[in-house]
Amino acid sequence: MLPISIAPASGALPFLSLLLSILTWVIVKWPIHRKPSTPQIQEPEKEPFVKPLPSPHPDDPTSNNPKLYRPFRQGPNFITMGIRKLHWDNWIEMDSHFLRYHDMKAAELKNDSKEHIKYVDNAVTKDACFELNEELVRHLTHRYPKTFRLKGGKVHNSRTREAFAFPAATPDKALATSALLVQDDLVLMMKNDDGEYHLDAAAVCLPGFWRLKEKFRMSLDRLHFEAGVPHYAAKLQKAMNKFMLKLTPDKPVERNNFFIQLDNGLHWSHRMGDQQGTKVASWATANGKGLTIDEIHIRSERQTLRRLPRSGAILFTIRTYFEPVTRLAQEPYIPGRLAEAIRNWNETVSYYKGKSSWDKILMRYLDEQDRLQKEREFVEGTGGEFPY
C-alpha cells in the first residue's frame, strides 16, 4: 500500500503560523512559564602552594660542624619507613664539609657528567628539573644569605666564588647547577602512565656503590626489589606507595638510615667494585681482604621528601654523613648502642647490610670500646633521642 500524504488545507496555513508565533512569545516572555534560573557559583581557583621562606641563618653555614646523626636504636629492629615531619628551615643542611663535597661533585661531573646527570626528555620532567633549581635557589638565598645571593641573572656562591646562570638554560644545566649548590644528591620521581613513580631525573655524584644508569627509569617498587630492601613486599610496599600518592606540597618529611662501608670512598666504595665497570656492585662483589678497623666507615643518609607544586614531581634530597667508625666510637654511649642495634638485625637485614663482610672486626672493636667507656663510668643509657 502506498503511503498517504495528508496536507493541511491552504487556508489553515496562516492560522497555524500565527498560533505558533503566539505560543513562542508566551513561552519566552511570560514569567509563569519560566523556571527561575539557578545562579552558577564560580569556584575560586586554588592558588598553587608556595614554600614558606626560611628564616635567615645567622652564620656562614659552612663554619658549622656536621650534625651528629646516629640513626640506630637500642632494642628490637623494626622495619618501618621511619619518616618525620620536616621544618622548612631545615630542608637543606650545610656545614664545614661543604667544600669537600662540592669539590668531589665537581670532579665527578667534569670526569663524566652523563653518568651523574640524567632526565627523561618530556615536558613534565624537564619542567621538574627547572623547578628543582628554582626551589633550591629561592631557599638557599634566603636561608643562607651570607653564602648565596642572586644578582645580575646569576646565583653567586661566596665560598666557591662560582656564579651560575639563573634561570638555567637547559634541564641538564639546572640539575648540574643544583648538584653544586648543595651537599645532597638529588632525585626526582615522576608519576608515569602506569600509575607508579619512576626515577626519571637525577643529579647523583656521591652514591657510594650504585650507578645512576642502573637505576634510571626504574619504578619505586623495582628500585626496592632490585636493591633487596628487607621485607619490602610484606611491610613497606603498600605503605610507601600510598604515601607517595598522598604526599602534598605543604607536608615535607625526612628520614635517616645508615650503612657500614669498608673504605673511605665518599663518592664510590672501591672495595665494592670498579666504578667504571659494568658489573652491578653489591655485597656479593665486596672485597674485604686485609680489612682493618681504621678503614671501616659509617655512612648515614638524611633524606628529605617533598612534592614540587608545579610539576607534581616528588623530590628526594639525599645527604650523606660519612665518618670513620673509630671517631664515632669515641662518643659516649655510641659503641654499645651501635653494637646492640646490629645484634638485633634479623638474617634478612644482616644480609642486606653486608654483615658477614665486617662483623668480626667491627663487633669486637665496638664491644671493647663499650667496655672501656663503662670502666670510665660513662652513664648507662642511649645518649639521645633517635636519630641522634
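Modeller: The buried residues of α11 are Asp 359, Leu 362, Met 363, Tyr 365, Leu 366, Gln 369, Asp 370 and Gln 373 (buried means under 20% relative accessible area, exposed over 50%, partly exposed in between, with a 1.4 Å probe and protein chains only). They lie on the same side of α11, because they cover an arc of only 160 degrees around the axis, taken from the directions from the helix axis to the C-beta atoms. In general, an α-helix has 3.6 residues a turn, so residues three or four places apart point the same way. The model is predicted: local features need pLDDT of at least 70 and side-chain atom pairs pLDDT 80 or more, while totals for chains, interfaces and linings use all residues. Residues are numbered from 1 along each chain as its sequence is written, and side-chain values use heavy atoms, without hydrogens and water.

The face of α11 turned away from the buried side carries the exposed residues Lys 360, Arg 364 and Glu 375. Among the elements that cover its buried residues are β8 (253–261), α8 (325–328) and α9 (334–343), where contact means heavy atoms within 4.5 Å. Helices (H or I, at least four residues) and strands (E, at least two) are DSSP runs, numbered from the N terminus. Just beyond α11, Glu 377 has a positive phi of about 65 degrees.

The sheet may now be considered. Three strands form an open sheet in the order β3-β4-β5, with antiparallel pairing; two strands pair if DSSP finds at least two bridges between them. Since β3 and β5 stand at the edges with a single partner strand each, one side of each is left without a neighbour in the sheet. From one strand to the next, the twist averages 25 degrees (axes are lines fitted to C-alpha atoms, for helices over the stretch in contact, and angles run from 0 to 180 degrees between N-to-C directions). Helix α3 (residues 123–143) packs on this sheet and touches β3 and β4, its direction making about 115 degrees with that of β3.

Strand β4 (residues 154–157) has a covered face, Val 155 and Asn 157, and an uncovered one, Lys 154 and His 156. Four bridges link β4 with β3 (residues 148–151), and four join it to β5 (residues 162–165). Lys 154 stands opposite Lys 151, and its bridge partner in β5 is Ala 165. Between β3 and β4 the hairpin has two residues, and Gly 152 in the turn has a positive phi of about 60 degrees.
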